[in-house]
Amino acid sequence: MHALRTWLDRRIKWILIAPATLFVLVLIAYPIVFTANLSLTDAKRSTTRPSSFVGFENFWNLLTDTHRFWPAVGRTAFFTVAAITIEMILGILIALSLRKAFRGQAIVRVAMLLPLVATPVAVGVMWMLILEPNTGVANMILRNLGLPEPLWLADPSLALNTLILIDAWQWTPMVALIVLAGLTQIPSETEEAADIDGAGLFKKTWSVILPQASGSILAALLIRSIDAFKTFDILYATKGPGGGSNHEVETLNILAYSLSFDYQQYGRASAVLVLFLTLLICVVTSIVLMRRAVTR
Amino acid sequence: MRRKLSSILTLVVATTVLAGCTTEALSGKSDDASQRISVSLAEGVHTNQIRAMLPEFETATGIKVDLNVLGLDQLSTQYQVKLNTQSSDLDVIYFRPLQETRLFADNGWLADLTTKVSEDAEWNWEDFTPSSIAAATAESKVYGVPVMTEREIIFYNKEILADKGIDVPTTMDELKAAAEALHDPQNNQFGISMRGTANSAVPPFSGFLYSFGGDWMDENRNATIDTPEAIAAFDYYGSLLRNYGPRGVASVDGAQARSIFMNGQAAIFIGEDSAAGLIEDPAESQVAGKVGYAEFPSGPHGSLPWDITPWAVGVSAFSTKTEAAWTYVKWATSPEVLNASMKDSTSPSPRQSSWENPEITEGFNPELVTIIRSYADRAVGYDRPLVIEVGMVRDIVGAPIITAINAGDVVAAAAKANKDFQDYLDTES
């Protein structure tokens, strides 16, 4: 017993971090290594069947695929940039307007939280039912008002834009809350000084308030960028496999899912995921670098 | 502090080791674990019946059943995740024969039931329709027992047709004329509702393809979807939906196509007869009691609808409780359960004896029974290409349907699809 205690004593720090390290290794590193390995094979139909090493053939096939892969890259970038732009602008505006105490503030804050707590799949299904062009309530209202009836999710040229708005509906409140948290930390003295100096509302907000909240704004940007980049739920729930008949909302995530679960082309799907992860790392790194530059 | 911490850790390690021993000892002594099986299946009419009758099975056999009921897509995904890892979690699996038999069999995921099915003369394997047996068979081995059948028919809203004085269409030309006459989008009423998304439209389109004289491939496995017959079928299906279908039809899947008809917004719906139960359910459907049924219309090559087996039940190759699992499969496909499923839950039975028994068919609309009987000698046994990778191939062969709906160049789309399909067929084995 004494020997065991001494042994434990010596290695206590390693023992204590071991569970967490193992957890990370098993649950994060192992799947990534497995996927990277699979991406170099022609594995299909089942991952347990014998497969052959094909080098970078899957990657080459993808990088030369102008039918599914490159349009999916474009849609992923467009969806992320557009959704983030809308969410950041609206989120900051909402946070600014909620900063000062007002009557009914608690109610407004709770109402803002509601879209956040809803499951994205449920949000997707709800909007799909609302926007369904034949049976949905949105077009029924437009019809009764004699207004034109867009096909929303059913129109291939409109579907991705509609989904960007749905994403903004759900996630703008989160941006607002994070930014609001940053805004409440700002000491009132700086603002008072700006008032005394005669700065207008815009000048004061732009030059005094927002720079002080830049940390939380960039945190919101980072979290939302990663999330928007890998959005899956609302796209799949509203448009189904392949991102619709014309692949109109097929992002890299949807493509990888289709290739693995609809086509059982595990090698190719893994190659998409490896490329996707690489892109994601690039995006995150650039935002982190930007954050460092700003906060320095 | 450090000393205290290490004492706690010593205790934790010791307790864990002891606990491990105890659990092991207990599990060795526990009652026969093979008497508890998992059964995975999708929501649907047959599933409702199984749920209701399961206590009888559990009492009679002592086998405890964990029902794992999921949506169709989730079920398919779960199979791939668990069977790819050769997990023994799954015992009994319900699968879609035309979509999955060949893939699962080729992957070695399903237990071979060939000898099992012929063991019990009273249970009577010969009673199942030959086409349903064929659907659950691959390379001469039986991998599943059929639980349900399904045919492509016309559903029509009697009130709307009577209002406009339109007769029930019997040919493709009449169908087009009827859809045109009944199409009134200003008043939110459409001539016809059918599936329009590329992948989901493949089954309903099949009947049109066959009736126009086309097929997916010939007997030598050469792709034949660029033939004049196939192109005529693509054109017909696409223009019918484009001109007289619901708004945004290229995004309309199976559930939406059916619900548009159930809302009373479509005069005609062409789809699977197993939907009749739902369409006639007053709690779900606004057209319950107003629905007429008709045979699939005749094209240049006659009326060639499909008669398929949408569900079969088999045993996972990785199950460690195959005997208990087979006991369940036999019970779930017994005349007793399949007849009750058909009579009480309108799930069309794959057993021929069910259709010969008026007591069982009385739950069905008589029009429907007549149609189903008339299909016996002419229906085609598949509603999608018979290949291993059905998911991908459906996207390939469904692409010209979308081109046709979008009024694009169908000849070029069919030529491309035919080439892609042929490339697949050449490398399938």
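**Close-up 1. Arg224(A) and Asp167(A) are both buried, where buried means under 20% relative accessible area, exposed over 50% and partly exposed in between, using a 1.4 Å probe and protein chains only.** This is a predicted model, in which local features need pLDDT of at least 70, side-chain atom pairs count only at pLDDT 80 or more, and totals for chains, interfaces and linings use all residues. Residues are numbered from 1 along each chain as its sequence is written, chains are lettered from A and ligands numbered from 1 in the order in which they are written, and side-chain values use heavy atoms, with hydrogens and water left out. Arg224(A) and Asp167(A) form a salt bridge, their closest N and O atoms being 2.9 Å apart. A salt bridge here is a side-chain nitrogen of Lys or Arg within 4 Å of a carboxyl oxygen of Asp or Glu. Arg224(A) sits in helix 11 of chain A and Asp167(A) in helix 8 (residues 159-184) of chain A, so the pair ties together parts that are 57 residues apart in sequence. Helices (H or I, at least four residues) and strands (E, at least two) are DSSP runs, numbered from the N terminus.

**Close-up 2. Arg224(A) also forms a salt bridge with Glu87(A), and here the closest N and O atoms are 2.8 Å apart.** This pair links distant parts of the chain, with Arg224(A) in helix 11 (residues 214-229) of chain A and Glu87(A) in helix 4 (residues 69-97) of chain A, 137 residues apart. Both Arg224(A) and Glu87(A) are buried.

**Close-up 3. Over in chain B, the side chains of Arg351(B) and Asp127(B) meet in a salt bridge, at 3.0 Å from N to O.** Here it's loops that get linked: Arg351(B) is in the one between helix 14 (335-345) and helix 15 (352-356) of chain B, and Asp127(B) is in the one between helix 5 (114-117) and helix 6 (130-135) of chain B, 224 residues apart. Arg351(B) and Asp127(B) are each buried.

**Close-up 4. A network of salt bridges links Lys44(A), Arg45(A), Arg49(A), Asp106(B) and Glu389(B).** Over all chains, the structure holds 32 salt bridges.

**Close-up 5. Helix 9 (residues 188-196) of chain A packs with helix 10 (residues 201-212) of chain A at an angle of about 165°, with the axes 10 Å apart.** That makes helix 9 of chain A roughly antiparallel to helix 10 of chain A. Axes are lines fitted to C-alpha atoms, for helices over the stretch in contact, and angles run from 0 to 180 degrees between N-to-C directions; under 35 degrees counts as roughly parallel, over 145 as roughly antiparallel, 65 to 115 as roughly perpendicular and the rest as oblique. Touching residues (contact means heavy atoms within 4.5 Å) are Thr190(A), Glu191(A), Ala194(A) and Asp195(A) from helix 9 of chain A, and Lys204(A), Val208(A), Ile209(A) and Gln212(A) from helix 10 of chain A.

**Close-up 6. The axes of helix 2 (residues 45-61) of chain B and helix 13 (residues 322-332) of chain B come within 11 Å and cross at roughly 125°.** Helix 2 of chain B and helix 13 of chain B are therefore oblique to each other. Helix 2 of chain B brings His46(B), Ile50(B), Met53(B), Leu54(B), Phe57(B) and Thr61(B) to the contact, while helix 13 of chain B brings Thr327(B), Tyr328(B), Trp331(B) and Ala332(B).
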